[in-house]
Amino acid sequence: MSVSASGNRAVGEIPAGPAVRDLRDDDVDGRRSITFQMGMGGMMGGGDSPMSFTFDGEEFDADRIDQQVGMDTVEEWTIGNDSPMDHPFHLHVWPMQLLEVDGRELSEPVWLDVVNVPARSQVKIRVAFEDFGGRTVYHCHILDHEDRGMMGTVLAS
């Protein structure tokens, strides 16, 4: 069998997506804090590890709403990390604008899908809860930590 390139055509440039606005000048409709925590205690997540992996001391519960936000609002979240290791924070659906790392403000807008939260530190982000309503999750982007309970639910309505 022979393959011919005669039917191929040049592909043009990919069009730019919509510009993401800088949320630093937006009014903030709500502020909240969420903290990564690790500790000893129990066999979390149904495994055989004595480590606990939580947000604010709570292991993931699919039946619980951990954060309820309003649609078409901008919120500022402080994501803390009380543990001795970095944790990557991931929020499904909405991008995050990173504002500060351990109290140091960023000079330029930085948009991320996953934000690293350094050990024994904190970051500050802003999120525009627009375009998509409903229920989703945020979690540690280390799979083992997420699976062992380091995940929460957010409902935008």
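Trainee: Leaving aside its neighbours within four places in sequence, with which residues is His145 in contact?

Mentor: This is a predicted model, and His145 is placed by it in helix α1, residues 143-147. Once neighbours within four places in sequence are set aside, the contacts of His145 are Phe53, Met85, His87, Cys140 and Met150.

Trainee: Is His145 buried or exposed?

Mentor: A residue counts as buried under 20% relative accessible area. The relative accessibility of His145 is 6%, so the residue falls in that class: buried.

Trainee: With which side chain does the side chain of His145 make a polar contact?

Mentor: His87 is among the residues in contact with His145. The two side chains also make a polar contact, at 3.3 Å, and the partner of His145 is therefore named by His87.

Trainee: Of the 157 residues of the protein, what percentage count as buried?

Mentor: His145, at 6% relative accessibility, is one of the buried residues. Of the 157 residues, the share that count as buried is 39%.

Trainee: Among contacts between residues at least 6 apart in sequence, what percentage join residues at least 24 apart?

Mentor: The contacts considered here are those between residues at least 6 apart in sequence. Within that set, the share joining residues at least 24 apart is 71%.

Trainee: Where is Thr153 found, and is Thr153 buried or exposed?

Mentor: Thr153 is found in strand β11, which covers residues 151-156. Its relative accessibility is 2%, and the limit for a buried residue is under 20%. Thr153 therefore counts as buried.

Trainee: Which backbone oxygen does the side chain of Thr153 reach?

Mentor: Not counting residues up to four places away in sequence, Thr153 touches Phe60, Arg64, Ile65, Asp66, Gln67, Arg135, Thr136, Val137 and Tyr138. At 2.4 Å, its side chain reaches the backbone oxygen of one of these residues, Arg64.

Trainee: Which residues does Gly70 touch, not counting residues up to four places away in sequence?

Mentor: Gly70 is found in the loop between β3 (67-69) and β4 (73-81). With a relative accessible area of 25%, Gly70 is partly exposed. Residues up to four places away being left out, Gly70 touches Phe129 and Ser157.

Trainee: How far apart in space are Gly70 and Glu130, C-alpha to C-alpha?

Mentor: In sequence, Gly70 and Glu130 are 60 residues apart. In space, their C-alpha to C-alpha distance is 9.1 Å.

Trainee: Is Glu105 buried or exposed?

Mentor: Glu105 is found in strand β7, residues 104-112. Not counting residues up to four places away in sequence, Glu105 touches Leu99 and Glu100. Its relative accessible area is 67%, and the limit for this class is over 50%, so Glu105 is exposed.

Trainee: How many salt bridges does a search of the whole structure find?

Mentor: Side chains of opposite charge can pair when their charged atoms come close. One example joins Asp22 and Arg24 at 2.5 Å, N to O. A search of the whole structure finds a total of 11 salt bridges.

Trainee: How many residues apart in sequence are the parts that the pair of Glu130 and Arg21 ties together?

Mentor: The side chains of Glu130 and Arg21 meet in a salt bridge of 3.0 Å, N to O. Glu130 lies in the loop between β9 (121-129) and β10 (134-140), and Arg21 in the segment before β1 (30-40), so the separation in sequence of the parts tied together is 109 residues.

Trainee: In which salt bridge do the side chains of Asp26 and Arg21 meet, and at what N to O distance?

Mentor: Asp26 counts as partly exposed at 22% relative accessibility, and Arg21 is partly exposed at 36%. Their side chains meet in a salt bridge with an N to O distance of 2.9 Å.

Trainee: Which residues are linked in a network of salt bridges?

Mentor: Glu100, a residue that Glu105 touches, belongs to this network. The linked residues are Arg31, Glu76, Glu100, Lys124 and Arg126.

Terms used: Residues numbered from 1 in each chain as written. Predicted model: local features only at pLDDT ≥ 70, side-chain atom pairs only at ≥ 80, totals over all residues. Heavy atoms only, no water. Helix = DSSP H or I, 4+ residues; strand = E, 2+ residues; numbered from the N terminus. Buried < 20%, exposed > 50% of the residue type's maximum accessible area, 1.4 Å probe, protein only. Polar contact = N/O pair within 3.5 Å; in protein donor to acceptor, adjacent residues only side chain to side chain. Contact = heavy atoms within 4.5 Å. Salt bridge = Lys/Arg side-chain N within 4 Å of Asp/Glu carboxyl O.
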